[in-house]
Amino acid sequence: MTGRPLSGVERVWLVADRLSPPFVNQLVLEGEGSVDVDALRAAVDTVAGWPLGSARLTGALRRARWSPDGAPIRLRSVDGAQWDARGPTGAPFLNDPLPPATGPLCELLVVAGSPPRLVLRSAHAFMDGRGTLELSAALFALARGEAVDPIEL
């Protein structure tokens, strides 16, 4: 059997996602200049090949587990011209689901606007804030052309 069993706290976050969807981590990065979308796409494609990068929830009750056979992490470009990055107004993309049973459980958004922004989103039942930071560090290191060890599921 591949993947790993669901923890007790992950079960709590799955319930939170059903009660108040989407229950996700959202790391917003704001910058200057332009975004190298090709480098980010290559980084996302690399992570998509890791078990963590294509996970989904399988099974139920005691047999529930994260399996590495879901939809891969995705890169999307979205319009953020009306978004100030201080709240959800003007950012309907922040409400898009990251469905546990099918995935993707993570996505990187390139938000068009001024200033340029990137948003790394992850399903909280699957990944906590620290995991999201670790994933962001791996993605940006890969985008810079650095070697990175795969993050385990």
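Helices are DSSP runs of H or I with at least four residues, strands are DSSP runs of E with at least two, and both are numbered from the N terminus. The elements named in the legends below follow this convention, and the model shown in every view is predicted.

**View A. Overall arrangement of the predicted chain, with three helices and seven strands.** Read from the N terminus, the elements follow the order β-α-β-α-β-β-β-β-β-α. The radius of gyration is 15 Å, close to the 15 Å that the globule rule gives for 153 residues, so the chain is as compact as a globular protein of that length. Along its principal axes, the C-alpha trace spans about 50 × 35 × 20 Å. Of the 153 residues, 44% are buried, and the chain exposes about 8,300 Å², of which carbon and sulfur atoms supply 54%. Among contacts between residues at least 6 apart in sequence, 67% join residues that are at least 24 apart.

View B. When its neighbours within four places in sequence are set aside, Leu14 is in contact with Leu6, Leu57, Pro100 and Ala125. Arg76, which is 62 residues from Leu14 along the chain, has its C-alpha atom 24 Å from that of Leu14.

**View C. The largest cavity, with a volume of about 40 Å³.** This is one of two cavities of 30 Å³ or more. Its lining consists of Asp17, Phe23, Val24, Leu98, Pro100, Ala123, His124 and Ala125, and by class these residues divide into six nonpolar, one polar and one charged. Pro100 and Ala125, which belong to this lining, are also among the residues in contact with Leu14.

**View D. The second largest cavity, with a volume of about 30 Å³.** Leu52, Gly53, Ser54, Ala55, Ala71, Ile73, Leu105 and Cys106 form the lining here. By class, six of these residues are nonpolar and two are polar, while no charged residue takes part.

View E. Most peptide bonds are trans.

**View F. Positive phi values at Leu61 and Ala85.** Most residues other than glycine have a negative phi. Leu61, which is not a glycine, has a positive phi near 50° and is placed in the loop between strand 3 (56–58) and strand 4 (65–67). With a relative accessibility of 70%, Leu61 counts as exposed, since that class begins over 50%.

How values were computed: Residues are numbered from 1 along each chain as its sequence is written. This is a predicted model: local features need pLDDT of at least 70, side-chain atom pairs count only at pLDDT 80 or more; totals for chains, interfaces and linings use all residues. Side-chain values use heavy atoms; hydrogens and water are left out. On a 1 Å grid over the protein atoms alone, a cavity is a set of points where a 1.4 Å probe fits but cannot get out, and a pocket is an open set with protein on both sides within 12 Å along at least five of seven lines; lining residues have an atom within 4 Å of a point. Grid points are joined across faces, edges and corners, and a volume is the space filled by probe spheres set on the points. Ala, Val, Leu, Ile, Met, Phe, Trp, Tyr, Cys and Pro count as nonpolar, Asp, Glu, Lys and Arg as charged, and the others, Gly among them, as polar. The radius of gyration is taken over C-alpha atoms; the globule rule is 2.2 Å times the number of residues to the power 0.38. Buried means under 20% relative accessible area, exposed over 50%, partly exposed in between (1.4 Å probe, protein chains only). Contact means heavy atoms within 4.5 Å. Accessible areas come from the Shrake-Rupley method with a 1.4 Å probe; for residues, only the protein chains shown count as cover.
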